[in-house]
Amino acid sequence: MEKIPGIRGTKDILPNTIDQWHFLFDNFNKISNQFGYSELRTPIFEKTEVFHRSIGEQTDIVNKEMYTFTDKGGESITLRPEETAALVRSVIQNSLLHENNILRLWYFGPYFRYERPQKGRLRQFHQYGAELIGSPNPEADAESIQLAVALAKSVGITDYKLLLNSLGNDASRQKYRAELVNYLEQNKNSLSFESQNRMMTNPLRVLDSKDEGDIELLKNAPVILDSLDSDSITHFNLLTSILNDVGIGYEISNQLVRGLDYYSHSVFEFRSTMLGSQDSFGGGGRYDGLFTQLGGKETPAVGFAFGLERILLILEAAQKLPLFEKNVDFFVVIQNSEYLNFANKVMQILRNKGYSVISELSRRSFKAQMRDANKSNAKFACIIGESEFNNNKIAVKNLATSEQKEIPFNEITNLNL
Ligand code: HAM
């Protein structure tokens, strides 16, 4: 029979790297708790409409990248390409937000985008994210960024660029959009084909263009920060002053607009030079309009997500991944299959005492089993040979020092190593 490969752009997380994932999860769990955030898990699929209404019809994610299918009941379903919209759906549905309340939530899990796979870009990838719901104020944006910085630091990432921009409130953004379209129209013939299309559908995304000609042209484009009204400027100024006072470095980037349509006011992105072309390992911003788009009442919110494969790539390149050693306490060597029942009783007692225990299951020779025990990283061999079996005892050999002790069966419960 032919072998069946996994799907392009997906990766198995093998036993030799799973500890890296637990390392991220454990650190992120700890720091999230420190900031008062609780974990929330939503299903990996949602009604397609959840993402259509929120991320934006004209974004690459909705237009080209969603895994959408019709289920057997005729309903259009989408594998979640991101969490924010799904989480907002869940907060509304479960009435998690009460009057004047603040909700702090985090998540960790797989997401799906039909993108061209390359280094740091997968079709199933993983995110950690955190959402702060209920505050319209810039100190909430500051908290969100401080949490992101603390999380990155907790796993050893301190060398990166934090880009920051403001898209302002709706009125400011509409004003800027008109100015930008005006500028782009005047220079339409110099724009790349893709940007000419984007100019009509989603003009702010033209600012993101990677085309060299576009980049040159955009140097003279109107700047969004110049279009902000006084409320939007006050919001942005308080955010930057808090970041300054807590010592978080950032770079203001006039062209940072992000790939999802739900943002207003602050947007930010974490970039690393360790990643190559897919250099953004996290991003987020404020999304005050999303709750009403998904049928909830008007609720301000801000948040971000990290791409976990990219975080691991950075740690690997910087040689900052901790070494994870798997150690078991006992490797049980069973000389003869007639001793198996006795051996299993011994193993049960050891496991009940909380020790980790493995045994060889191929019934190889005593010598081969001892060799396996030495190679296994176990701290002790528990030897059940002929004399041990006949005398109702076990031998415990310290594999580092070769020191060996005999322990009668009924004293194993008192064993203290
Ligand atoms: P995003 O920028 O689309 O934002 O994704 C966040 C991070 O996920 C990216 O910076 C990147 O590290 C990672 N990522 C995205 N696509 C891929 C991919 N195909 N392969 C590997 N990694 C990927 C969001 O998803 C927003 N929901 C963030 C947010 C939360 N905004 C407010 N709250």
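Tutor: A salt bridge requires a side-chain nitrogen of Lys or Arg within 4 Å of a carboxyl oxygen of Asp or Glu. The model discussed here is predicted.

Student: What makes aspartate 170 and arginine 173 a salt bridge?

Tutor: Their closest N and O atoms are 2.7 Å apart; the cut-off is 4 Å, so the pair qualifies. Both belong to helix H6 (residues 170-186), and because they are three residues apart, about one helical turn separates them.

Student: Why is arginine 173 called buried?

Tutor: Its relative accessibility is 15%. Buried means under 20%, so the term applies.

Student: Why does glutamate 49 count as partly exposed?

Tutor: The value for glutamate 49 is 45% relative accessibility.

Student: How do you know that the pair of arginine 286 and aspartate 141 links distant parts of the chain?

Tutor: Arginine 286 lies in strand S10 (residues 280-286) and aspartate 141 in helix H5 (residues 138-154), 145 residues apart. The closest N and O atoms of this salt bridge are 2.7 Å apart, and both residues are buried.

Student: Why is the largest nonpolar core, of 47 residues, said to lie between domain 1 and domain 2?

Tutor: Domain 1 (18-169 + 229-317) and domain 2 (170-223) both contribute residues, and therefore the core lies between them. Val91, Ile133 and Leu184 have the most contacts inside this core.

Technical notes
Residues are numbered from 1 along each chain as its sequence is written. This is a predicted model: local features need pLDDT of at least 70, side-chain atom pairs count only at pLDDT 80 or more; totals for chains, interfaces and linings use all residues. Side-chain values use heavy atoms; hydrogens and water are left out. A nonpolar core is a set of buried Ala, Val, Leu, Ile, Met, Phe, Trp, Tyr and Cys residues joined through side-chain atoms within 4.5 Å. Buried means under 20% relative accessible area, exposed over 50%, partly exposed in between (1.4 Å probe, protein chains only). Domain bounds come from an automatic or database domain assignment. Helices (H or I, at least four residues) and strands (E, at least two) are DSSP runs, numbered from the N terminus.
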